[in-house]
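Please read it beside the sequence and the structure shown here.

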Amino acid sequence: MPRLNNRKAIVTGGGRGIGRAIALAFAAEGADVAVWDIDLQTADRTAGKIRKMHRVAIALPVDGAEPQHVAKAFRETNQTFGYVDILVNNASICPTTPIAEITPQEWDRVMAVNLKSAFLCCQSVIGTMKDQRRGWIVN
């Protein structure tokens, strides 16, 4: 039996790279996956591959640094799945601007995507996980 059979997961930044690999691995292990990504097209491609694995998948456009995006995506995910067992906070950005040249606005965006989004996503699921008396968060 797959290790994540019937688990419901959210993978942020799940449209490409490591997030995509995590989402596909979870599906291969039996999980249904909500692929959250700022780029809906890449999230859709990942979700399509998951559906071909005979798992439920949804793709949602989410800017994790925006509280209203996270709240809306969590509501939609919960409506689709009924509950969430797993949250993987994978979304991040890495500026290519040299540190001596990075602007405070660029730095704020990096911190918002890489840290604030993890905080907001944890906040969105923690109540449900507490009520269920189970859940896993990977940061």
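A residue is called buried when its relative accessible area is under 20%, exposed when that area is over 50%, and partly exposed in between. The model discussed here is predicted.

**Strand E1 and its partners**

By that cut-off, strand E1, residues 8-12, is mostly covered, with 5 of its 5 residues buried. Lys8, Ile10 and Thr12 point one way from E1, whereas Ala9 and Val11 point the other way, and all of them are buried. The chain crosses from E1 through H1 to E2, and this β-α-β crossover is right-handed. E1 and E2 run parallel and are joined by 5 bridges, and within this pairing Ile10 stands opposite Ala34 of E2. E1 also pairs with strand E4, residues 86-88, in the parallel sense, here over 3 bridges, and the bridge partner of Val11 in E4 is Val88.

**Strand E3**

A further parallel pairing links E2 and E3 over 5 bridges, in which Trp36 has Leu60 of E3 as its bridge partner. Because 4 of the 5 residues of E3 are buried, this strand is largely enclosed by the rest of the structure. E2, H2 and E3 together make a right-handed β-α-β unit.

| Strands | Sense | Bridges | Bridge partners |
|---|---|---|---|
| E1 and E4 | parallel | 3 bridges | Val11 and Val88 |
| E2 and E3 | parallel | 5 bridges | Trp36 and Leu60 |

**Helix H2**

Helix H2 comprises the 13 residues 40-52, which at 1.5 Å a residue should span 18 Å, and the end C-alpha atoms are 18 Å apart, in agreement with that expectation. Which residues of H2 are buried? They are Thr42, Ala43, Thr46, Ala47 and Ile50. Seen down the axis of H2, these buried residues fall within an arc of 135 degrees, and therefore they line one face of the helix. What covers the buried residues of H2 includes helix H1 (17-28), strand E2 (32-37) and strand E3 (57-61). The face of H2 turned away from the buried side carries Gln41, Arg45 and Lys52, which are exposed.

At the N-terminal end, H2 is capped by Asp39, a side-chain oxygen of which lies 3.0 Å from the backbone nitrogen of Gln41. H2 is followed by His54, whose phi is positive, near 65 degrees.

Arg51, which lies in helix H2, has a relative accessibility of 40% and so counts as partly exposed. Leaving aside residues up to four places away in sequence, Arg51 touches Asp44, Ala57 and Ile58. The C-alpha atoms of Arg51 and Val33 are separated by 9.4 Å, although the two residues are 18 residues apart along the chain.

Ser124 belongs to helix H4, residues 104-132. Is Ser124 buried or exposed? With a relative accessibility of 17%, Ser124 counts as buried, because the cut-off for that class is under 20%. The side chain of Ser124 reaches the backbone oxygen of Cys121 at 2.7 Å. Beyond residues up to four places away in sequence, Ser124 touches Val70 and Phe74.

Technical notes:
Residues numbered from 1 in each chain as written. Predicted model: local features only at pLDDT ≥ 70, side-chain atom pairs only at ≥ 80, totals over all residues. Heavy atoms only, no water. Helix = DSSP H or I, 4+ residues; strand = E, 2+ residues; numbered from the N terminus. Expected span 1.5 Å × (residues − 1). Buried < 20%, exposed > 50% of the residue type's maximum accessible area, 1.4 Å probe, protein only. Arc of directions from axis to C-beta. Contact = heavy atoms within 4.5 Å. Polar contact = N/O pair within 3.5 Å; in protein donor to acceptor, adjacent residues only side chain to side chain. Pairing = 2+ DSSP bridges. Right-handed = clockwise from strand over helix to strand, strands pointing away.
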